[in-house]
Structures are given as C-alpha cells and as structure tokens.
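Dear colleague,

I am handing over the structure below, and after it you will find my notes on what turned up. Please read them with the model open beside you.

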Amino acid sequence: MSKKDEEITAFKGFDSDWKCRGFQYEVGKDYHKDGRVKACESGFHACEYPLDVFGYYPPASSKFAVVKQSGTIDRHESDSKIASSKLSITAAIDIAGLVKAAIEYTSSMCKPVDTDSP
C-alpha cells in the first residue's frame with residue numbers, strides 16, 4: 001500500500017458506454033469506495049503506463065480517460081495497474097493521446113547518460 005495522501009495520474013479504460021465491470025462512470029465525476037482496496041480484486045482500477053489499458057480494454061471498441069487516483073492505493077505486480085479508494089475522471093482521451101502520454105511517461109522514466117565518464 002502507498003501513502004494515503006499520494007495522488008497518481010493514470011489512464012482508465014471503459015466499454016463503449018463508459019462502464020467498467022458494470023459500474024457506470026462519467027467524465028468530470030469523483031468516486032469513492034469504502035473498505036478493502038486490492039489490485040485486481042477491489043477498488044477503482046487504472047494504469048500508470050497509458051498503453052497498459054489495452055491489455056484490459058480493446059482499442060477499437062473502448063473509451064479511455066485520464067484519471068487521478070488517491071486515498072488507499074495498491075499496485076499490481078505484473079504491470080502498472082493500480083487500485084485506489086478514490087478516483088477522479090478528469091478527461092476523455094483518444095488513442096493518439098494515449099500514445100503521446102506513453103511517450104511522455106517513458107521519457108520521464110529515463111535517466112540522463114553521464115557523457116563525461118570514460
């Protein structure tokens with residue numbers, strides 16, 4: 001589990017009706033879950049690495065959003081999936097936006113090379 005005051009920007013997939021596992025979502029809304037939060041079991045789920053959402057929702061028939069996750073957080077071991085007790089859906093994003101976000105995410109993870117070393 002992570003710190004309770006941490007806020008993570010992530011990416012969430014939905015079916016064509018903005019539903020995930022039967023729960024109806026809406027862009028611009030905030031959601032809260034009481035109780036246990038466990039990745040792949042309970043809580044609100046999204047992925048830190050934008051393209052990981054395609055492992056859960058097919059690109060051609062799904063909708064995607066930029067979200068903020070906070071509250072109690074639990075991370076998945078196999079990819080960047082996160083479960084949280086709080087979720088804010090900040091904006092819809094298309095596939096081109098996900099690809100751009102993936103490039104930015106990857107670039108942010110890179111460390112500069114020390115060119116002065118022999």
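**Aromatic pairs**

In this predicted model, the count of aromatic pairs comes to ten, where rings of Phe, Tyr and Trp (its six-membered ring) pair if their centres lie within 6.5 Å, and planes under 30 degrees apart count as stacked, over 60 as edge-to-face and the rest as tilted. One of these is formed by Tyr31 and Phe44, whose ring centres are 6.3 Å apart and whose planes stand at 50°, so the pair is tilted. Tyr31 belongs to strand S4 and Phe44 to strand S5, 13 residues apart, and the pair therefore links distant parts of the chain. Helices (H or I, at least four residues) and strands (E, at least two) are DSSP runs, numbered from the N terminus. Tyr31 counts as buried at 15% relative accessibility, and Phe44 counts as buried at 7%; here buried means under 20% relative accessible area, exposed over 50%, and partly exposed in between (1.4 Å probe, protein chains only).

Tyr49 and Tyr105 form another tilted aromatic pair, with 5.4 Å from centre to centre and 55° between the planes. Because Tyr49 lies in the loop between S5 and S6 and Tyr105 in helix H1, this pair ties together parts that are 56 residues apart in sequence. Tyr49 counts as partly exposed at 23% relative accessibility, and Tyr105 is also partly exposed, at 24%.

Ring pairs also link Phe14, Trp18, Phe23, Tyr25, Tyr31 and Phe44 into a cluster. Lys12 lies over the face of Phe14, at 5.5 Å from the ring centre; a charge sits over a ring if NZ of Lys or CZ of Arg is within 6 Å of the ring centre and within 35 degrees of the ring normal.

**The helix and the overall chain**

The protein chain has one helix and seven strands, which follow the pattern β-β-β-β-β-β-β-α along the sequence. Helix H1 (residues 95–109) has 15 residues and should span 21 Å at 1.5 Å a residue, which agrees with the 21 Å between its end C-alpha atoms; the expected span is 1.5 Å times one less than the number of residues. The buried residues of H1 are Gly97, Leu98, Ala101 and Ala102. They cover an arc of only 140° around the axis, which puts them on the same side of H1, the arc being that of the directions from the helix axis to the C-beta atoms. These buried residues pack against strand S1 (8–14), strand S6 (63–75) and strand S7 (81–93), with contact meaning heavy atoms within 4.5 Å. On the other side of H1, Ala96, Lys100 and Ile103 are exposed.

Of the 118 residues of the protein chain, 39% count as buried.

**Two positive phi values**

Most residues other than glycine have a negative phi. Arg21, in the loop between strand S2 (19–20) and strand S3 (23–24), has a positive phi near 55°, and this residue is exposed, with a relative accessible area of 79%. Cys40, in the loop between strand S4 (30–32) and strand S5 (44–47), has a positive phi of about 75° and counts as partly exposed at 37% relative accessibility.

**How to read the values**

Residues are numbered from 1 along each chain as its sequence is written, and side-chain values use heavy atoms, with hydrogens and water left out. As the model is predicted, local features need pLDDT of at least 70 and side-chain atom pairs count only at pLDDT 80 or more, while totals for chains, interfaces and linings use all residues.

With kind regards
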